[in-house]
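Dear colleague,

I am passing on a structure that I would like you to look over. The sequence and the coordinates come first, and my notes come after them.

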Amino acid sequence: LASAPPLALADKYFQLRPDELNPLWGNPCDDIRHRRIWSKSKWCGTLPKVLVIGPQKTGSTALYTFLAMHPALAPNLPSPTTYEELQFFNNNNYLKGLDWYLNFFPPNMSNTTQITFEKAYSWYQHIRSHGDVVANNYTFHTVITANDSAPKPLRDLRNRCLNPGKYSHYLERWLAEYSSHQLHIIDGSLLRSEPAGVMNTLQKFLKISPHIDYNKLLKYDAKKGFFCQAVGNDRTKCLGKSKGRIYPPMEERSAKFLKRYYTPHNTALSKLLVRIGRPVPQWLKDELSSNG
Ligand code: A3P
């Protein structure tokens, strides 16, 4: 039996077990031995109990903002490096470890009755307006219909635009880890048109109190074309310019292409929702019925 200094030993270990190279963070407080060796300044009570998950451009900022208005909920501290989301679970920040993640939920941030939450990540017009060269050089239709022999940047953008809409694929992955009772699915189009109703149902699901009436907190802003926070004297505070952009309507041929492209994914989504006993949203019924 040979030994070596810790780093050399670790190198040797991971040469033998490369499958264990990626860490799998768990809750340190689940295991008393971990809790004992963990820093005194860390406290598991601040790990978020609620995660907002979903693809980009589905109203997640609106949802996050509306949740933050609730006195029983405390959002993460803003991140200077990752824009809106902390992006812990979906990129290299995961390798920075649980302490990095926990810095956004310091113990003094919430009072003990508050539940912390964050928005995990969950695009063409969005990155086009951010100056993306590929999105500015190719039309939306060219991007979404690019075939596998197209240049790589174009294929990458196509995948970036199309993959997030395969909702059932991602939901199945979450359902492999969490029971369906832990999952509350929000219809993005309802969040847009009737946010108060959506927020009232969500509060019941989260079992948080006091129950607050979002009809009184949100107000439709005709200029913005969206519901915004009511801030008194008939004034509103809306989300920034990048949320609720105005852009030309989609070409009919693109809409047709997308409808065909998503049919198998939407069929799978409808089956998944029925399987876990959730209502099939109107937009999904419409999509599937007009294909027949
Ligand atoms: P558009 O700007 O394309 O219309 P995300 O925050 O996940 O990036 O989602 C942005 C989308 O949220 C916007 O996309 C907009 O349609 C939608 N949205 C839903 N409710 C909104 C609200 N109250 N204010 C602004 N945008 C809202």
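This is a predicted model: local features need pLDDT of at least 70, side-chain atom pairs count only at pLDDT 80 or more; totals for chains, interfaces and linings use all residues.

Residues are numbered from 1 along each chain as its sequence is written, and side-chain values use heavy atoms, with hydrogens and water left out.

The ligand has 16 residues around it, of which Ser60, Thr61, Phe227, Gly244 and Tyr247 come nearest (near meaning a heavy atom within 4 Å). Oxygen atoms of the ligand lie 2.5 Å from a polar side-chain atom of Thr61, 2.9 Å from a backbone N or O atom of Gly59 and 3.2 Å from a polar side-chain atom of Arg192. Taken alone, the ligand exposes 580 Å², and the protein buries 94% of that (Shrake-Rupley method, 1.4 Å probe). Helix H3 (60-68) and strand S5 (226-230) each give two or more residues to this shell, and H3 gives the most, with four (helices are DSSP runs of H or I with at least four residues, strands runs of E with at least two).

A UniProt entry, unreviewed, places the feature "binding site" at several positions, including Arg245; such annotations may be inferred rather than shown by experiment. Arg245 belongs to the loop between strand S6 (236-237) and helix H13 (252-275). Beyond its neighbours within four places in sequence, Arg245 is in contact with Lys57, Gln125, His126, Ser129 and His130 (heavy atoms within 4.5 Å).

Best regards

Key:
A polar contact is a pair of N or O atoms within 3.5 Å; within protein, one must be able to donate a hydrogen and the other to accept it, and residues adjacent in sequence count only if both atoms are side-chain atoms.
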